[in-house]
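Look over the sequence and the model before reading on.

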Amino acid sequence: MPQTNNPKRENLLNLALDATGRELEQSPNLQTGYDQTQKTWELIIRYSTGLEQLRQEYPQISIVELLNGYAIATVPEQLMDVFTDRIEIEYIEKPKRLFFAVDQGIRASCINTVQSAYLNLSGRGVLCGIADSGIDWRHPDFCNPDGTTRIAAIWDQTLVPDASRGLLPPSGYERGVEFTREQINAALQEPVPSVVVEQNSNEENPEANQNMQPYVRLTGDNSGHGTHVAGIMAGNGRASAGRYRGVAYESELIVVKLGVSREEGFPSTVELLMAVDYMMRKSRELNLPLALNLSFGNNYGSHSGTSLLETYLNSLSGYWKNVITVGTGNEGTASVHTSGQVQTEENHPANTVQFVVSTYESFLSIQIWKSYSDEIDIQIVHPSGLTAGPIQRILGTQRFRMQQTEILLYYGEPSPYSIYQEIFMELLPVENFIDSGVWEIRLIPRAIVNGNFDMWMPGGGILNRGTGFLYPVETTTLTIPSTAEKVISVAAYNSRTNQAADFSGRGYTRVTEQVKPDLAAPGVGIMSTTPGGGYGVKSGTSMATPFVTGSAALLMQWGERVIILPS
């Protein structure tokens with residue numbers, strides 16, 4: 001078994017490495033990134049020197065290098081400690097699952113003015129990037145008047161590469177299939193889309209098959225989320241005679257369909273990192289400025305901008321010509337966050353946090369983030385009144401059972417990328433479901449210097465209705481990576497009532513107290529493109545974010561026009 005409290009690995013990864021096979025199966029948080037069949041872990045790493053020697057010594061380890069000293073590594077479980085202890089490796093995180101932020105904008109955002117003849121901004125000469133659930137590439141709003149595509153490339157991460165059939169990933173990556181503009185245009189000539197890529201064969205002359213262009217049939221957008229977002233950002237309104245035209249309606253698009261071919265199917269931060277890296281490289285190759293839209297997030301982390309995903313996005317702010325916009329999520333009223341200040345009096349009411357577990361909940365994780373200078377023990381009270389603890393501050397995993405619920409508790413320690421301490425709790429069922437009712441977490445003060453704490457449950461609507469903190473706190477409900485310092489974080493408001501949307505995640509960031517969100521855009525009842533060539537209404541910060549991304553594309557177009565005359 002690997003070491004279980006290595007400081008070069010994040011706490012959640014250390015806990016996952018210490019989990020049993022049954023615990024991994026029961027916990028989506030812990031199992032993300034683990035391949036049970038191959039016994040390998042997919043990891044996000046920050047490295048400081050070249051990786052060639054590591055590759056030569058351990059060919060079993062697969063590494064995809066990203067920009068600016070970040071990489072994705074696939075490491076056999078038995079080599080985890082060897083890999084972690086290498087001098088090239090600075091820090092390691094495991095992937096986290098991502099959730100889309102869905103729960104009359106053009107006029108309200110004053111975009112009509114800049115699209116008019118006065119400035120005549122349309123996004124022409126700018127690349128609008130979207131990493132999402134895919135796109136309906138046949139939708140008229142993503143085609144030019146002559147019927148050709150406006151999409152420069154699509155990388156479908158959900159398809160399995162097959163070189164013999166022309167199914168190739170982008171250069172430098174190992175997963176998915178990339179489709180060029182030429183292939184998309186060829187596919188547009190076919191009457192019926194499918195979910196496969198086929199190649200006609202010539203059995204009489206096999207050598208001729210090697211020279212044939214694959215007959216492309218592209219996958220689309222099963223959920224419709226990516227298509228809706230893309231329409232707001234860059235749809236040209238051809239299917240509605242211009243009525244539902246988007247913001248940067250003459251821009252080119254580049255699309256990454258996030259996901260994996262694995263059964264669980266959730267995109268993770270690994271897929272996101274590679275998608276951003278791919279679009280950055282592609283925009284430079286095409287010599288076009290990039291306005292990049294990220295309409296999703298997750299709740300795992302300190303919410304202070306220090307995770308590898310956040311620092312990676314920050315590092316790209318100086319790369320080429322780009323703007324990255326990120327939605328703040330829909331956790332504002334979701335009861336998945338609370339905060340407070342521990343009092344030195346042990347039985348003070350402020351030291352007790354109550355949360356409700358509804359019936360048929362199959363798992364629940366709770367993160368407690370605090371100052372490392374505060375020494376706090378944990379006591380857990382079961383709905384029946386059964387008490388566990390005080391559980392002392394011992395680094396590493398602690399396990400105990402309370403009736404039909406197993407609890408894993410992990411006291412973390414500061415890392416190079418987070419000076420804050422995390423206490424992570426995972427509630428798993430002994431049989432089918434964890435025990436329902438009102439639970440309590442009692443924070444037992446031992447030595448208090450600061451006293452401030454925050455707690456988060458998983459976001460994205462994956463918990464059953466009714467599960468949440470009994471006294472939630474709406475501030476600091478930004479999802480990650482909207483907490484990154486150098487991205488534009490976008491909240492949602494109702495343009496009809498001119499009020500902030502109650503669901504919209506809000507700031508500040510934890511401890512660092514950055515002013516977030518940066519902007520708010522219309523995110524309630526937004527009409528945009530849907531798969532099949534039509535239009536539909538959705539709400540959420542997912543819908544607000546592409547208004548800002550498209551607007552950034554217009555500003556980039558304007559900036560490219562500016563000619564600085566000599567003085």
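Glu252 is partly exposed, at 26% relative accessible area (buried means under 20%, exposed over 50%, partly exposed in between, with a 1.4 Å probe and protein chains only). Arg181 is partly exposed too, at 25%. This is a predicted model: local features need pLDDT of at least 70, side-chain atom pairs count only at pLDDT 80 or more, and totals for chains, interfaces and linings use all residues. Residues are numbered from 1 along each chain as its sequence is written, and side-chain values use heavy atoms, leaving out hydrogens and water.

**Salt bridges**

- The side chains of Glu252 and Arg181 form a salt bridge at 2.3 Å, N to O (a side-chain nitrogen of Lys or Arg within 4 Å of a carboxyl oxygen of Asp or Glu).
- That pair links distant parts of the chain: Glu252 sits in strand E10 (residues 252-257) and Arg181 in helix H8 (residues 181-188), 71 residues apart. Helices (H or I, at least four residues) and strands (E, at least two) are DSSP runs, numbered from the N terminus.
- Arg446 and Glu346 pair at 3.7 Å, N to O, in another salt bridge.
- Arg446 belongs to strand E22 (residues 437-447) and Glu346 to the loop between strands E14 (337-341) and E15 (352-357), so the pair ties together parts 100 residues apart in sequence.
- Salt bridges that share partners join Glu10, Glu93 and Lys96 into one network.
- The side chains of Arg399 and Glu23 meet in a salt bridge at 2.9 Å, N to O. Arg399 is partly exposed at 37%, whereas Glu23 is buried at 2%.
- The count comes to 22 salt bridges.

**Cavities**

- The largest cavity holds about 270 Å³ of space. A cavity is a set of points on a 1 Å grid over the protein atoms alone where a 1.4 Å probe fits but cannot get out; lining residues have an atom within 4 Å of a point. Grid points are joined across faces, edges and corners, and a volume is the space filled by probe spheres set on the points.
- Its lining has 25 residues, with Glu10, Glu93, Tyr300, Gly301 and Ser307 nearest the centre.
- The second largest cavity holds about 190 Å³. It is lined by 17 residues, and Asn29, Lys96, Arg97, Tyr300 and Pro458 lie nearest its centre.

**Helix H12**

- Helix H12 (308-315) supplies at least two residues to the lining of the largest cavity.
- H12 is mostly covered, with 7 of its 8 residues buried.
- Among the buried residues are Leu308, Glu310 and Tyr312.

How values were computed. On a 1 Å grid over the protein atoms alone, a cavity is a set of points where a 1.4 Å probe fits but cannot get out, and a pocket is an open set with protein on both sides within 12 Å along at least five of seven lines; lining residues have an atom within 4 Å of a point.
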